[in-house]
Amino acid sequence: MGKDYGNYAMFLKALSDETRLKIFDMLSDGELCACKILEKFNITQPTLSYHMKILCESNLVDSRRDGVWMRYSINTNNLEKLKDLFDSVGVRIENIHQQGHCGCER
């Protein structure tokens, strides 16, 4: 088991909040300025900063300063790692369904 479950847990914890999940989904369309994200939510700038801090600390989202604003984008390398985990789980579940059981003796 060479998987980095600590990072997976951090990714999933960051996405476990509805607002952060919505922001992450918005970022799937490309880089966004904090001002554009704020337009879509009924939250204050400090609240947005809190959510973005969690997403950035999880390394699922990258940030860069552009004047007075921050711009955010998805860290595609870490998104691929998370996708690989779910793909791996999905393949194993599919194998179990094809076999009709989990492989243990009943």
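The following questions and answers concern the fold of a predicted model.

Me: How many helices and strands does the secondary structure of the protein chain come to?
Reply: From the N terminus on, the elements run α-α-β-α-α-β-β-α. The secondary structure of the chain therefore comes to five helices and three strands, a strand being a DSSP run of at least two residues.

Me: What is the order of the strands in the open sheet?
Reply: Strand S1 (32-33) and strand S2 (61-66) are the edge strands, each pairing on one side only. S1 pairs with strand S3 (residues 69-74) in the antiparallel sense over two bridges, and six bridges join S2 to S3, also antiparallel. The order of the open sheet is S1-S3-S2.

Me: Which residue in S3 does Leu-32 stand opposite?
Reply: Strands of a sheet pair through backbone hydrogen bonds, either parallel or antiparallel. Here S1 and S3 pair in the antiparallel sense. The residue of S3 opposite Leu-32 is Tyr-72.

Me: Which residue in the turn of the hairpin formed by S2 and S3 has a positive phi?
Reply: S2 and S3 run antiparallel, and Asp-62 stands opposite Ser-73 in S3. The hairpin has two residues between its strands. The residue in the turn with a positive phi, about 70 degrees, is Gly-67.

Me: Is H2 roughly parallel or roughly perpendicular to H4?
Reply: Two packed helices are described by the angle between their axes and the distance between the axes. The axes of H2 and H4 come within 10 Å and cross at roughly 70 degrees. Because angles of 65 to 115 degrees count as roughly perpendicular, H2 lies relative to H4 roughly perpendicular.

Me: How many nonpolar residues does the contact of H2 with H4 have?
Reply: On H2 the contact is made by Thr-19, Arg-20, Ile-23 and Leu-27. On H4 it is made by Leu-48, Tyr-50, His-51, Met-52, Ile-54 and Leu-55. By class, two of the residues are polar and one is charged, and the number of nonpolar residues is seven.

Me: Which strands does helix H4 touch as it packs on the sheet?
Reply: S1 and S3 pair over two bridges. Helix H2 (residues 18-27) packs on the sheet with its direction at about 80 degrees to that of S3, touching S1, S2 and S3. Helix H4 (residues 45-57) also packs on the sheet, its direction making about 125 degrees with that of S2, and the strands touched by H4 are S2 and S3.

Me: What percentage of the residues of the protein chain count as buried?
Reply: The chain exposes about 7,300 Å², of which carbon and sulfur atoms supply 52%. Buried refers to residues under 20% relative accessible area. Of the 106 residues, the buried share is 27%.

Definitions and conventions: Residues are numbered from 1 along each chain as its sequence is written. This is a predicted model: local features need pLDDT of at least 70, side-chain atom pairs count only at pLDDT 80 or more; totals for chains, interfaces and linings use all residues. Side-chain values use heavy atoms; hydrogens and water are left out. Two strands pair if DSSP finds at least two bridges between them. Helices (H or I, at least four residues) and strands (E, at least two) are DSSP runs, numbered from the N terminus. Contact means heavy atoms within 4.5 Å. Axes are lines fitted to C-alpha atoms, for helices over the stretch in contact, and angles run from 0 to 180 degrees between N-to-C directions. Buried means under 20% relative accessible area, exposed over 50%, partly exposed in between (1.4 Å probe, protein chains only). Accessible areas come from the Shrake-Rupley method with a 1.4 Å probe; for residues, only the protein chains shown count as cover. Angles under 35 degrees count as roughly parallel, over 145 as roughly antiparallel, 65 to 115 as roughly perpendicular and the rest as oblique. Ala, Val, Leu, Ile, Met, Phe, Trp, Tyr, Cys and Pro count as nonpolar, Asp, Glu, Lys and Arg as charged, and the others, Gly among them, as polar.
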